[in-house]
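Dear colleague,

Please find below the structure that I am handing over to you. My notes on it follow directly after.

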Amino acid sequence: MKTNNKNDAAGKGLEQEFEHSPVPLTHRHSTRSVSAVWFGFPMILTNALFGGIITWHLGFWPAIAAILLGNLVLFGYVGALSHFAGSTGLNFALQAKKTFGTKGYGWVSGFLSTVVIGWYAFQTGLTGTVIHETFGWNELGVSAFAAVLYIAITFLGVRALSLLGMIAAPMYVILGLVALWLISGTHDLTQIVNWHGSAAVAGGMTMGTAVTMVVAGFADSGTMTADFTRWSKDGKSAVIAAFSAFPVANVISYLFGVVIVAAGAAIDPLQNGGNFLSLLMGHGALLEVLAFVFVFINLGSVCTHCLYNGAMGFSHLFGSKMRLWTVILGAIGGVLALIGVWHYFLNWLSLLGVAVPPFGAVMIVDLILMGEISRLRTEQRVRASAFVAWAIGTCCATIAHIWFPSVGEAIVGLVAGAVSYYAITMLAIKSPVVALEKK
């Protein structure tokens, strides 16, 4: 039955967001529309920064290898969760209920919804920082304006995110190519493959750390991909949407940073990586105006996506509406941006790489690989086996982070979480006495 949208969003014509139920087939979007949501998400300056930093440490070819491997992991991870979302229409919170329990899911959804608001705050603060460093405008004032702007866009719903992605992605590519064209006059781009990393920072980053950086960059929203890909017409369309982001858009956005650093054109590559915005300055008023607008569109893309994830999660937790939580969380994240959450960036990435991937690994095994078992079991308030498997995955990732950084904690956490859940579930089936489920 088709939902009457006239009653949604206080009768203002905004699309229903289906916070508490599957998206019906009558309300699904085209593959192109859903792909635009995901494709525009990774096309951000932050990835050029990441790509440049990785290249500065490892060299050209090792950086390429790390970026491709990280994106392969992301595609398998996000693609699997997206297929289930497109097949069922369930958002992340509804998926988590099946795996972690009708009450237990609250810890998972609440944690990840908080994590993505941290990303939102970071990127909002980064907007102010970039505008201040590039154009000299007041950093706090720009950050506050950006927060209001990003809240307003997210308030409009998932279609606004799709439209923003359609603008942000091509704009990123065009201005990135312009930057490469500008530096080609003073730098030999044909020699980039010969860049072997900086001896001054030798040992500062391992291949495993680089792969984790790539995975961690989208571990949170990647785990919550169902909030976006549930709008797909089916599982196959959802996987196509995920593929448009990982590896396609994500690799492209990293490559600009890789090339700029390998060509020796980056300004302070150890800190700013391959951020190419400053390279666009001093080449005419038109280009500077475009660069100014680009900052808000580009970083606004990731901010609105993260805010949407967080608002969707909290709306389901509290039985409320996504748009109400967009305003609440947007304001909280804006305050965090103003007090300098930017300075805790590296700690934030470490948290994402260690704690988040095991959640998705457990859900993939439970909902997809062991889907028949998942469908047949009775509803439970807290599924301890899922939390134990997540804890094992997180502990293994932590050990890898501290003692074996060359391995890559994100991958260790994924594998350990998945294997642990499978083993615990099979043991419970064979020996009901040791079943860990709490009804």
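**Helix α13**

Helix α13 covers residues 285-317, and at 1.5 Å a residue its 33 residues should span 48 Å; the end C-alpha atoms are 48 Å apart, which agrees. The expected span here is 1.5 Å times one less than the number of residues in the helix. Helices (H or I, at least four residues) and strands (E, at least two) are DSSP runs, numbered from the N terminus.

This is a predicted model, in which local features need pLDDT of at least 70 and side-chain atom pairs count only at pLDDT 80 or more, while totals for chains, interfaces and linings use all residues. Residues are numbered from 1 along each chain as its sequence is written, and side-chain values use heavy atoms, with hydrogens and water left out.

At Gly 300, α13 bends by about 30°. The bend at a residue is the angle between axes fitted to the seven residues ending there and the seven starting there. Of the 33 residues of α13, 25 are buried, so the helix is largely enclosed by the rest of the structure. Buried means under 20% relative accessible area, exposed over 50%, and partly exposed in between (1.4 Å probe, protein chains only). Gly 319, which follows α13, has a positive phi near 60°.

**Helix α11**

Helix α11 comprises the 28 residues 235-262, which at 1.5 Å a residue should span 40 Å; the end C-alpha atoms are 39 Å apart, which agrees. A kink of about 30° is centred on Ala 249. In α11, 20 of the 28 residues are buried, so this helix is largely enclosed by the rest of the structure.

The N-terminal end of α11 is capped by Asp 234, with a side-chain oxygen 3.3 Å from the backbone nitrogen of Lys 236. A polar contact is a pair of N or O atoms within 3.5 Å; within protein, one must be able to donate a hydrogen and the other to accept it, and residues adjacent in sequence count only if both atoms are side-chain atoms. Just after α11, Gly 264 takes a positive phi of about 80°.

- Ser 244 lies in α11 and is buried, with a relative accessible area of 12%. The side chain of Ser 244 reaches the backbone oxygen of Ser 35 at 3.4 Å, and a polar atom of that side chain lies 2.6 Å from the backbone oxygen of Ala 241. Not counting residues up to four places away in sequence, Ser 244 touches Ser 35, Trp 38, Phe 39 and Ala 249, where contact means heavy atoms within 4.5 Å.
- Pro 247 is also placed in α11. The peptide bond from Phe 246 to Pro 247 is cis, with omega near 20°.
- Ile 252, again in α11, is partly exposed at a relative accessible area of 30%. The C-alpha atoms of Ile 252 and Met 43 are separated by 7.8 Å, although these residues are 209 residues apart along the chain. With residues up to four places away in sequence left out, Ile 252 touches Met 43, Val 173 and Pro 247.

**Aromatic rings**

Rings of Phe, Tyr and Trp (its six-membered ring) pair if their centres lie within 6.5 Å; planes under 30 degrees apart count as stacked, over 60 as edge-to-face and the rest as tilted. By this rule the count comes to 30 aromatic pairs. In one of them, the rings of Trp 38 and Phe 246 have centres 5.2 Å apart and planes at 70°, so the pair is edge-to-face. This pair links distant parts of the chain, with Trp 38 in helix α1 (residues 31-40) and Phe 246 in helix α11, 208 residues apart. Trp 38 is buried, with a relative accessible area of 0%, and Phe 246 is buried, also with a value of 0%. Ring pairs link Trp 38, Phe 41, Phe 218, Phe 228, Phe 246 and Tyr 308 into a cluster.

Phe 18 is not a glycine, yet has a positive phi of about 50°. Phe 18 lies in the segment before α1 and is buried, with a relative accessible area of 3%. Asp 268 has a positive phi near 55°, likewise in a residue other than glycine. Asp 268 is placed in the loop between α11 and α12 (269-272) and counts as partly exposed at 40% relative accessibility.

With kind regards
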